[in-house]
Amino acid sequence: MDATQFQQALRGCLQQLTSHPQSALAELFDLTAARLVRYAATIAGNQPDAEDALQAVFSLLARDPRYITAAQSPWPYLIRSIRNETLRILRKKSRSASLPADTASQNSNSQPSPPQQLLNEEINQQIRRILQSLPPEQAEVVLLKHWEELTFAEIADSLNLSQNTVASRYRYAIEKLQRSLEPFIR
Amino acid sequence: MNSDFLRIPEPSGPESELLRSAASLPQLSPELRNRVLSSCRRQIVVGRTIRTTQQLAVACCSIAAVAALIWLILPGSDTLNRPAARTTPTETVLPTSVLPVGNGINLPGPTGSPGNMAATTVTPTPPAPVSPKTPLPPATPTAPTQP
């Protein structure tokens with residue numbers, strides 16, 4: 001599912017949220033939960049906290065769906081919501097946030113893979129490690145841009161930053177990544 | 001404000017492909033979906049209750065405000081407040097010219113209000129004369145004081 005299809009499906013869910021909230025929330029969960037948990041896990045550093053944040057976000061949506069239905073861009077709204085909830089959980093637990101606990105790689109390792117897939121997974125793990133080596137604020141911008149497919153304006157809005165700050169963080173991150181990813185590109 | 005203006009390098013080229021390919025979705029906990037959706041079901045009920053309560057409160061406040069406005073704006077409303085003032089007993093001051101001069105005293109009734117409008121004339125009674133024949137009680141002898 002590409003970005004346009006994803007946005008259309010998301011809007012379809014949200015249109016039903018006020019009339020058929022239970023089925024719309026179930027559909028919204030299937031559509032967004034994994035991506036939201038992936039992003040939350042990059043902030044929280046572990047998957048259980050990310051899942052708790054997801055539950056909190058969905059509870060808020062169920063209690064009062066007016067805010068997300070009124071939002072012009074629902075996907076950045078969800079990203080911002082889960083970010084806020086994750087940070088709230090982290091503050092509550094007084095833990096320091098760290099970048100990505102390798103949740104995706106742990107899960108994908110559990111499935112048997114053919115050799116080519118294994119090689120790809122190895123490369124992906126190394127790329128994720130390179131992403132982890134970035135400063136967290138730079139890595140967050142890169143992840144939101146490449147994984148969550150937000151525009152720079154939406155990233156700035158989600159992180160409560162100016163677009164200039166987002167741009168400079170992204171530029172520094174990409175410069176580092178280009179050097180680090182060079183062996184893989186060859 | 002677009003990316004050109006900010007001179008943000010748009011993600012393109014092999015490095016962005018590599019970054020995108022590294023984005024694999026995590027496997028969620030098996031019970032997460034049920035947990036989240038059951039929590040949602042509860043919150044839907046809570047949300048409906050809150051909204052209904054809010055609407056009721058707004059309706060009650062509106063009705064109270066309209067009633068208060070009607071009470072204030074109604075033309076006879078000020079006269080409605082007056083009976084309370086009218087029913088309050090007031091002291092009636094009689095003109096002094098009605099009172100008989102030098103013939104008696106106008107005594108108030110037991111409740112403090114003037115009883116009869118006609119003045120009650122009280123004739124002063126002379127003091128009873130002391131009879132000279134009435135013997136005085138004997139004086140009690142007192143003990144002489146010792147020097």
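1. Axes are lines fitted to C-alpha atoms, for helices over the stretch in contact, and the angles run from 0 to 180 degrees between N-to-C directions. The model is predicted, and local features need pLDDT of at least 70, while side-chain atom pairs count only at pLDDT 80 or more and totals for chains, interfaces and linings use all residues. Residues are numbered from 1 along each chain as its sequence is written, and chains are lettered from A and ligands numbered from 1 in the order in which they are written.

2. In chain A, the axes of helix H3 (residues 47–63) and helix H5 (residues 74–93) come within 8 Å and cross at roughly 125°, and H3(A) and H5(A) are therefore oblique to each other. Helices here are DSSP runs (H or I, at least four residues; strands are E, at least two), numbered from the N terminus. Among the residues that make this contact are Ala53(A) and Leu60(A) of H3(A) and Ile82(A) and Ile89(A) of H5(A), where contact means C-beta atoms, placed from the backbone, within 7 Å.

3. Also in chain A, helix H9 (residues 152–159) has several buried residues, including Phe152(A) and Ile155(A); a residue is buried if 20 or more other C-beta atoms lie within 10 Å of its own, exposed if 12 or fewer, and partly exposed in between. Just after H9(A), Asn160(A) takes a positive phi of about 60°.

4. Chain B has four helices and zero strands, and of its 147 residues, 6% count as buried.

5. Where the chains meet, the contact takes 33 residues from chain B and 43 residues from chain A. On the side of chain B that touches chain A, H3(B) gives the largest share, 12 residues. By class, that side of chain B has 19 nonpolar, nine polar and five charged residues, where Ala, Val, Leu, Ile, Met, Phe, Trp, Tyr, Cys and Pro count as nonpolar, Asp, Glu, Lys and Arg as charged, and the others, Gly among them, as polar.

6. One helix pair spans the two chains: the axes of helix H2 (residues 21–44) of chain A and H3(B) come within 10 Å and cross at roughly 150°. H2(A) and H3(B) are therefore roughly antiparallel to each other. Their contact includes Leu25(A) and Phe29(A) from H2(A), with Leu37(B) and Ile44(B) from H3(B).

Notes:
Two residues are in contact if their C-beta atoms, placed from the backbone, lie within 7 Å. Angles under 35 degrees count as roughly parallel, over 145 as roughly antiparallel, 65 to 115 as roughly perpendicular and the rest as oblique.
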